[in-house]
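Here is a brief report on charged side chains. Look at the structure first, then read on.

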Amino acid sequence: MEGISPRKPTYLPAMPIELGKLDIPEGLVIDLMVRRVAIDGTGSLSGLGDRLKLSPGVLYPLFQQLRKMQYIEVTGMQGDDYVFTLTVAGRNFAQDRFNISQYAGPAPVSLNVYTQAVKKQGAKVKLNRERLKEVLSDLVITDELLDQLGPAVVSQSSIFLYGPSGNGKTSMMERLHRVYGDAVVIPYAVEVDNQVIVTYDPALHHKIDYDEPRMDQRWVVCRRPYIVVGGELEPSMLELKLDASSKIYAAPVQMKANNGIFAIDDFGRQIISPTYLLNRWIVPLDRKVDYLTLSYGVKFQIPFEMMVIFSTNLDPTDLADDAFLRRIQNKIYAEPVQPQVFDEIFMRILEAKGIPYDEDAPNYLRELCQSSGTGELRACYPGDILRVLESVTSYEQKPYV
C-alpha cells in the first residue's frame, strides 16, 4: 500500500516566464541573486535559474539592471549564457542584504498565490467501506468502527479519536493518509511583507519525482502531508519561528500540514496545555483560517486546510468544554477489542512471524489476559506478549513455540 505512487497533482502552477508575471517584489529577487552569487563566488543566468527556481525571462531584466548599477561584471560566456561575478560595490551591496536576511534558496511565492493554491488543493475523498477496509487491511477493525471512520474521513473535518490505550488509535491514524490518491504542490517558501517563510520541509514532506517543465519550479510535488506530534508539542511550534542569526522564518507545523492530515497523538499529555491549544485553534477549526505574526508585529492570515485528528486515552470531557467539542463533529470511540478480534490479531502475528503454535494457544492467551488484567482485551496485547516470549526463549535458548 505504501509503495503506490499518487497520481499527478490536480493543480499545477504555471511558471512565470517574464518579470511582469512574477508575484513577488523585484527587490526580493535582486536580493536573492546577489546573495546567491556572493555565496557561489561566480554565477550564470542558467545557474541562478536552477538555484532560485526562476525562468531566464524573469532573471534577465534584473541581471541587466544589476549590470547597469555596476554590481556585477561579466567575466565570460558559456555558449549563449553569461558568466559573471560581483564587483566590489556588488559585494558591499550583498553584505548589506545579508544583514537583512541570509536566505539564498529557491524564490518564495506570494502569500496570496499560496492561499489560492491551498484552497484549490482541498482534499475531496471518495471512500466506501470496501476501500477503507483496503486502506486498513493490515489492521483488524470491526465494520462498526469502519462505518464511523469512513464518513468522518469523507467529510475531511476534525476527528476526536478516544478510548483506552493499546486499541489501535495511533495505528489507524498512521494509515488514514492512504485514502488520498493524488499529490499536491508545496512551495519551498512563502513571502510576506518581504520576509521569507520556509515552508517545504524534507523531513516532513514526501517529495515525488514529477517532471513538468511548464510548472512553476518554486513548488515541490509531494504526497499529501501526514504530520504527527505527540508530547513534544509546545506553543512555539504553532507560531512562526525566526532564526536570530539568519533572519529566516520557519513555518509552524500546522502550515506545513496544509492539504493533508495533522495528528495530535496522546492529546492531553503535551507540554502545551489542552486549554491553550483548544483556545488557539477554536477559530481555525471553525473558519478554516489561522493567523500568524511576524517578529515586528505584522499579522496575516493563512489557510487552515487540513484534517486534524486528536487522539487520546483520556476522557474528552476532561480535556475540552462543550463549545470546542461542538466544533469537532466526529467523535469516535476505539473500544476494547472483542474476543474474535483479539484471536484474529493473535493469529495474524503468529502467521506473519512463522511461529509454531498449539491449536489452543489463542484461547489460552485470551483467557490469561482477561483473568490477569483489567478484564478488558486490548489490541496491543498479542504483539506485546509475543515480543516478551521471543526475548525469554532467546535468553533461555529454547524453541519459540
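## What counts as a salt bridge

A salt bridge here is a side-chain nitrogen of Lys or Arg within 4 Å of a carboxyl oxygen of Asp or Glu. The model is predicted. Side chains of opposite charge can pair when their charged atoms come close.

Searching the whole structure gives 23 salt bridges.

Glutamate 344 and arginine 348 form a salt bridge through their side chains, with an N to O distance of 3.5 Å. Both residues belong to helix α13. They sit four residues apart, which is about one turn of the helix.

Glutamate 344 counts as partly exposed because its relative accessibility is 38%. Arginine 348 is also partly exposed, at 34%.

Lysine 133 and aspartate 143 meet in a salt bridge, 3.5 Å from N to O. Lysine 133 is in helix α6 (residues 129-135) and aspartate 143 is in helix α7 (residues 143-155), so this pair ties together parts that are 10 residues apart in sequence.

Lysine 133 is partly exposed, with 32% relative accessibility. Aspartate 143 is partly exposed at 30%.

## A pair across the sequence

Which residue forms a salt bridge with arginine 218? The partner is aspartate 23, and the closest N and O atoms are 2.7 Å apart. Arginine 218 lies in the loop between β8 (195-198) and β9 (219-223), while aspartate 23 lies in the segment before α1 (26-40). The pair therefore ties together parts that are 195 residues apart in sequence.

Is arginine 218 buried or exposed? Arginine 218 is buried, at a relative accessible area of 1%. Aspartate 23 counts as partly exposed, with 24% relative accessibility.

## A negative patch on the surface

Some acidic residues gather on the surface instead. Asp358, Glu359, Asp360 and Glu367 form a patch of negative charge there. Residues in such a patch have no salt bridge.

Where does aspartate 358 lie? Aspartate 358 is in the loop between α13 (339-353) and α14 (361-372). Exposed means over 50% relative accessible area. Aspartate 358 has 56% relative accessibility, so this residue counts as exposed.

Note on methods
Residues are numbered from 1 along each chain as its sequence is written. This is a predicted model: local features need pLDDT of at least 70, side-chain atom pairs count only at pLDDT 80 or more; totals for chains, interfaces and linings use all residues. Side-chain values use heavy atoms; hydrogens and water are left out. Patches are made of residues with over 30% relative accessible area and no salt bridge: like charges are joined within 9 Å, nonpolar side chains (Val, Leu, Ile, Met, Phe, Trp, Tyr) within 5 Å. Accessible areas come from the Shrake-Rupley method with a 1.4 Å probe; for residues, only the protein chains shown count as cover. Lys and Arg count as positive and Asp and Glu as negative; His and the chain ends are not counted. The place of a charge is taken as NZ of Lys, CZ of Arg, CG of Asp or CD of Glu. Helices (H or I, at least four residues) and strands (E, at least two) are DSSP runs, numbered from the N terminus. Buried means under 20% relative accessible area, exposed over 50%, partly exposed in between (1.4 Å probe, protein chains only).
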